[in-house]
Amino acid sequence: MPIFHAKNLSLAFGDVKLLDGIDFSIDAGERIALVGRNGTGKSSLLKIIAAQIKPDDGEAARSSSLKLAYVPQEPSFDASQTIFEAVAAGLGQVSKLLIDYHHALIAAEHGDMDALERMGDLQHELETHDGWQVEQRVESVLARLNLDPDRAIDGLSGGNLKRVALARALVAEPELLLLDEPTNHLDIASIDWLEKTLMSYAGAIVVISHDRRFLETFATRIIELDRGQLTSYPGSFSEYEKRKEEALNSESLANARFDKILKEEEVWIRQGVQARRTRSAGRVTRLHHLREERAQRRERSGNVKFSIADVEKSGKIVTELVDVSKSFNDNIIVDKFSSIVQRGDRIGLIGPNGAGKSTLMKMILGELEADSGKIKLGTQLSVAYFDQFRETLDDEATLSDVISPGSEFIDNANGGGRKHVISYLGEFLFPPQRARAKVKSLSGGERNRLLLARLFAKPANFLVLDEPTNDLDIETLDLLEELLQGYPGTVMVASHDRTFLDNVATQVFVFEGKGKVREFAGGYSDWQMQLANMAVVAAKAADSKAPAAKPSADTKNTAKNTNAPKAKKLSSHEQKELDSLTKKIDALGVESQTVQQALANPATYQDPAQAAKVASLQARLAEIEKESSAAMNRWEALEAVREG
């Protein structure tokens with residue numbers, strides 16, 4: 001039986017129907033991705049599931065005992081709390097015990113003897129409520145999300161607030177977890193951890209996300225919200241993309257056939273007197289129905305139009321960095337980094353949040369000075385800069401003023417000629433009535449689109465993009481990638497979107513910590529492959545440098561006897577073990593594939609009684625990975641001995 005069921009849900013904002021009589025359900029253990037264009041109502045649907053808002057019509061039914069956690073796009077907290085308090089607050093009765101114990105521990109560390117006595121009482125209560133296991137869960141999640149438990153909520157950035165909300169939801173271990181854009185503002189390491197955590201999660205999960213690699217790894221079912229209707233696509237994200245393309249082609253053909261029939265009927269009814277004498281009442285009625293059906297058809301919203309006007313080429317060398325260093329207090333951001341960026345390069349910047357990607361960009365742009373080293377810019381550069389924090393947007397300005405202050409027209413905008421600002425904004429999916437709206441009324445995705453609109457409002461041959469992919473829907477991401485792939489100028493982009501980096505970057509600068517920045521050819525996956533190869537080479541080098549055992553007298557005598565047969569490197573027992581390991585690794589691979597197929601099959605989650613089976617499959621998959629890793633390590637060790 002479903003843990004949540006919706007019937008005939010409807011919701012409208014103004015004249016726009018976000019939900020138009022939809023039906024759907026969520027089964028125990030499902031991993032659902034909710035996708036769709038920005039502004040289609042995905043977040044509103046998630047809020048209805050979470051009972052945050054009510055639909056205009058229809059029924060949203062959930063089990064009375066259902067334990068649910070919801071992480072919105074922009075979470076809010078009590079500013080007086082610490083991170084530990086905010087995260088532990090989602091744990092019910094045990095949360096107060098944990099918070100009191102945490103306070104007592106801090107006080108005891110500062111010499112408060114009364115706090116030691118309080119700790120003793122709290123320890124007993126925590127043991128009664130299994131609080132130590134819960135505390136360990138809280139500390140583990142905080143550590144993985146790189147959150148300082150004693151830091152105050154007040155003053156945290158939007159990205160860190162999102163991390164706190166995510167931590168609070170995960171430690172509660174609900175039966176239904178609702179996540180709205182959880183990967184936004186997370187770095188690659190945190191996204192990777194989130195993927196693994198959600199993959200092993202026993203409860204049902206519904207996620208709104210535009211991160212394509214995350215969706216491919218995570219989802220067992222894709223639900224698309226498009227023009228007020230929900231369509232379910234069982235299977236992976238890549239399977240959804242294929243079936244969606246087929247559905248759009250079929251819809252286009254059906255609409256074309258309908259429009260042809262309607263056109264023929266309109267011609268018929270406008271014929272002369274002779275024709276009108278013979279027309280049938282039934283045919284006239286049919287025409288009225290066709291007109292009503294056409295009027296009710298909701299067309300898909302258009303795509304953003306990306307293009308850049310031709311501009312004079314830059315010099316061959318765009319920028320040269322020689323032993324560039326930068327620190328903030330004792331924090332080394334960049335340490336003696338050297339590189340040459342040439343015309344046509346597409347550089348991806350990879351690293352955790354706070355590693356220095358934005359700092360390096362600003363040094364290249366001249367907004368920050370390097371502590372030492374030289375940064376030399378090339379000739380004939382025309383730079384366009386995309387700011388991840390959107391600090392350059394004035395909340396009180398109108399969209400028109402942001403794009404073209406003081407003028408209603410833009411020259412050479414978006415690769416075209418002279419355009420009216422309202423027409424230009426329309427190319428970025430802003431309707432005419434929004435042109436006079438203020439920036440503060442925009443959503444996160446709309447702000448990013450506005451920044452991109454301003455970015456392409458003038459010619460440029462050097463694009464510097466700091467996190468341009470946040471909040472953009474999948475179709476807009478695809479179009480931006482296509483533009484950058486064919487862009488004749490130079491691109492430098494910082495992003496945590498692995499698919500975007502693979503599709504755009506020709507080389508990457510990787511921030512490895514403590515100021516170390518290294519350069520690799522290719523995109524994200526190429527960098528990962530090179531790291532793996534380097535690890536293998538390093539392991540072999542370490543083995544070759546290992547001190548050899550001191551030869552015994554018997555060994556020396558054997559070495560002197562050139563006619564003595566060479567000793568076998570593997571005993572018969574070891575050879576049998578090597579043979580069995582090969583079969584075991586193959587068998588584990590087959591079993592892993594079978595388990596993954598079962599977990600990806602929506603039918604596995606349709607029966608509530610299957611919840612135990614799902615948990616068993618997930619546990620077995622984890623065991624297979626451990627067994628495979630151990631078997632591979634032993635196989636490699638024996639192979640190394642056999643090969644000498």
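1. Start with Lys-440 and Glu-396. In this predicted model, the two form a salt bridge, with the closest N and O atoms 3.3 Å apart. The pair links distant parts of the chain, 44 residues apart. Lys-440 sits in the loop between α14 (421-426) and α15 (444-455). Glu-396 sits in the loop between β14 (383-386) and α13 (399-403). Is Glu-396 buried or partly exposed? Its relative accessible area is 43%, so Glu-396 counts as partly exposed.

2. Next, Asp-497 and Arg-212. Their side chains meet in a salt bridge, at 3.7 Å from N to O. Asp-497 lies in the loop between β18 (490-494) and α17 (498-504), and Arg-212 lies in helix α8 (residues 212-218). The pair therefore ties together parts of the chain that are 285 residues apart in sequence. Both Asp-497 and Arg-212 are buried.

3. Salt bridges with shared partners join Arg-212, Asp-478, Glu-481 and Asp-497 into one network. The count of salt bridges comes to 22.

4. Arg-163 and Asp-187 form another of these pairs. Their side chains meet in a salt bridge at 3.8 Å, N to O. Arg-163 belongs to helix α6, while Asp-187 is in the loop between β6 (176-180) and α7. The two are 24 residues apart, and the pair links distant parts of the chain. Arg-163 has a relative accessible area of 4%, so Arg-163 is buried. Asp-187 also counts as buried, because its relative accessibility is 8% and the cut-off is under 20%.

5. Ser-190 belongs with this site. Which residues does Ser-190 touch, not counting those up to four places away in sequence? They are Arg-144 and Arg-163. Ser-190 lies in helix α7 (residues 188-199). At 5% relative accessibility, Ser-190 counts as buried.

6. The largest nonpolar core has 49 residues. Val-164, Leu-177 and Leu-198 have the most contacts inside this core. Helix α6 (residues 158-172) gives the most to the core, with eight residues. In soluble globular proteins, nonpolar side chains tend to be buried together.

7. Three strands form an open sheet in the order β2-β1-β4, with antiparallel pairing. The edge strands are β2 (16-26) and β4 (57-62), and each pairs on one side only. Neighbouring strands are turned by 20 degrees against each other on average, direction ignored.

8. How many bridges join β1 to β4? Five do, and β1 (residues 4-13) runs antiparallel to β4. His-5 has Ala-61 in β4 as its bridge partner.

9. Helix α1 (residues 42-49) lies across β1, β2 and β4. This helix runs at about 50 degrees to β2.

Notes: Residues are numbered from 1 along each chain as its sequence is written. This is a predicted model: local features need pLDDT of at least 70, side-chain atom pairs count only at pLDDT 80 or more; totals for chains, interfaces and linings use all residues. Side-chain values use heavy atoms; hydrogens and water are left out. Two strands pair if DSSP finds at least two bridges between them. Helices (H or I, at least four residues) and strands (E, at least two) are DSSP runs, numbered from the N terminus. Axes are lines fitted to C-alpha atoms, for helices over the stretch in contact, and angles run from 0 to 180 degrees between N-to-C directions. Contact means heavy atoms within 4.5 Å. A nonpolar core is a set of buried Ala, Val, Leu, Ile, Met, Phe, Trp, Tyr and Cys residues joined through side-chain atoms within 4.5 Å. Buried means under 20% relative accessible area, exposed over 50%, partly exposed in between (1.4 Å probe, protein chains only). A salt bridge is a side-chain nitrogen of Lys or Arg within 4 Å of a carboxyl oxygen of Asp or Glu.
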